[in-house]
Amino acid sequence: MATMATAALSSTPRALDHSSFHGASLPSRVVPIRTLSCTKTSALSVTAAASVSTPRYDLNAVRFEPIKESIVSREMTRRYMTDMITYADTDVVVVGAGSAGLSCAYELSKDPSVRVAIIEQSVSPGGGAWLGGQLFSPMVVRKPAHLFLDEVGVEYDECENYVVVKHAALFTSTIMSRVLARANVKLFNAVAAEDLIVRGGRVAGVVTNWALVSMNHDTQSCMDPNVMEAKVVVSSCGHDGPFGATGVKRLRDIGMIDAVPGMRALDMNAAEDAIVRLTREVVPGMIVTGMEVAEIDASPRMGPTFGAMMISGQKAAHLALRALGRPNALDGTLEEAAAGAQPELVLAASDGGDVVEA
């Protein structure tokens, strides 16, 4: 993956970008989007500032720098619209930012030449990974998925054949911060995937709309959606629900698969192995990962353990990389390619990395 913040996220120093698939990260020469009269602050300087024990202003007499309200609106609108333009045609769209979707995006973003858009219907990404089970905060992760926690930098208590993260939100916030810091990843939260783009028997993208609009189609008229083309779609919509398993349910509705039987009763030992094993490209152009796998294959539910979500997401990422013809851990090309320089990545809508004047 591209270079991340230098601050250590774990008490044990680790190479932040070394894949738990035993592949090395690919070198990156990322060209960031240039912004108008703004200066990019490095992660190192932020870390250094945070290490100062006292604030650099008088807490008894704080005055914020003046700003025009229109500037605030323009900054948000211009940057968001630039992202929409940039990712209207992208490499991979990950639908669903739960633990599997975020793990997939994390693994994908190690290749700086691959652009990744994440679509999440909720305002708050993370899916069910903000808590463990039954509103309990600890997260149980069975080995060998602890290797992924090591790589991401999440501390845990180690037991014989499993580990425990003290709060599930620690994992979710950590991997989310790692993913969102990547120059080749954009999260579109509060956005729903209403449908699929299908051409010539192949999934070629998603039909999108703001989630609140999707939920109110019956109350208004003519609220047409938008589109996002992609070479590969990764469906990580979770188990059945209002926005759950929507990818495979839509495949069933349009006749691309026969049925979505739903997941079976809980069996942790069978479930996690099955979810990882059955993570695959179910139809041309669409890979299914995480709990959505259990819905399409009628495999057991896994309950409050999260290791399969992480490894299934990683596997989905490498399936997507293979489909893109990129180095991946499934065909043994990752380590060989890691030694070579990769092309520059320009994330902007115009040549040279500029954005349009507001």
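## Exercises with worked solutions

At 42% relative accessibility, Val62 counts as partly exposed (buried is under 20% relative accessible area, exposed over 50%, partly exposed in between; 1.4 Å probe, protein chains only). The model is predicted, with local features requiring pLDDT of at least 70 and side-chain atom pairs pLDDT 80 or more, while totals for chains, interfaces and linings use all residues. Residues are numbered from 1 along each chain as its sequence is written, and side-chain values use heavy atoms, without hydrogens and water.

**Exercise 1.** Determine where Val62 lies and which nonpolar patch includes this residue.

*Solution.* 
- Step 1. Val62 belongs to the loop between α1 (43-50) and α2 (69-86); helices (H or I, at least four residues) and strands (E, at least two) are DSSP runs, numbered from the N terminus.
- Step 2. Together with Tyr57, Leu59 and Phe64, Val62 forms a nonpolar surface patch of about 520 Å² accessible area. Patch residues have over 30% relative accessible area and no salt bridge, and nonpolar side chains (Val, Leu, Ile, Met, Phe, Trp, Tyr) are joined within 5 Å. A salt bridge is a side-chain nitrogen of Lys or Arg within 4 Å of a carboxyl oxygen of Asp or Glu. Areas follow the Shrake-Rupley method with a 1.4 Å probe.

**Exercise 2.** Classify the aromatic pairs that involve Phe188 with Tyr80 and with Tyr87.

*Solution.* 
- Step 1. The whole structure contains three aromatic pairs; ring centres of Phe, Tyr and Trp (its six-membered ring) must lie within 6.5 Å, with planes under 30 degrees apart stacked, over 60 edge-to-face and the rest tilted.
- Step 2. Tyr80 and Phe188 are edge-to-face because their centres are 5.9 Å apart and their planes are at 80°. Since Tyr80 is in helix α2 and Phe188 in strand β7 (residues 185-189), this pair ties together parts 108 residues apart in sequence.
- Step 3. Tyr87 and Phe188 are also edge-to-face, at 6.1 Å centre to centre and 75° between the planes. Tyr87 lies in the loop between α2 and β2 (89-95), so its pairing with Phe188 in strand β7 links parts 101 residues apart.
- Step 4. Tyr80, Tyr87 and Phe188 make up one aromatic cluster. Tyr80 is partly exposed at 24%, whereas Tyr87 and Phe188 are buried.

**Exercise 3.** Where is Cys222 found, and is this residue buried or exposed?

*Solution.* 
- Step 1. Cys222 is in the loop between α6 (211-214) and β10 (226-235).
- Step 2. Its relative accessible area is 69%, so Cys222 is exposed.

How values were computed: Patches are made of residues with over 30% relative accessible area and no salt bridge: like charges are joined within 9 Å, nonpolar side chains (Val, Leu, Ile, Met, Phe, Trp, Tyr) within 5 Å.
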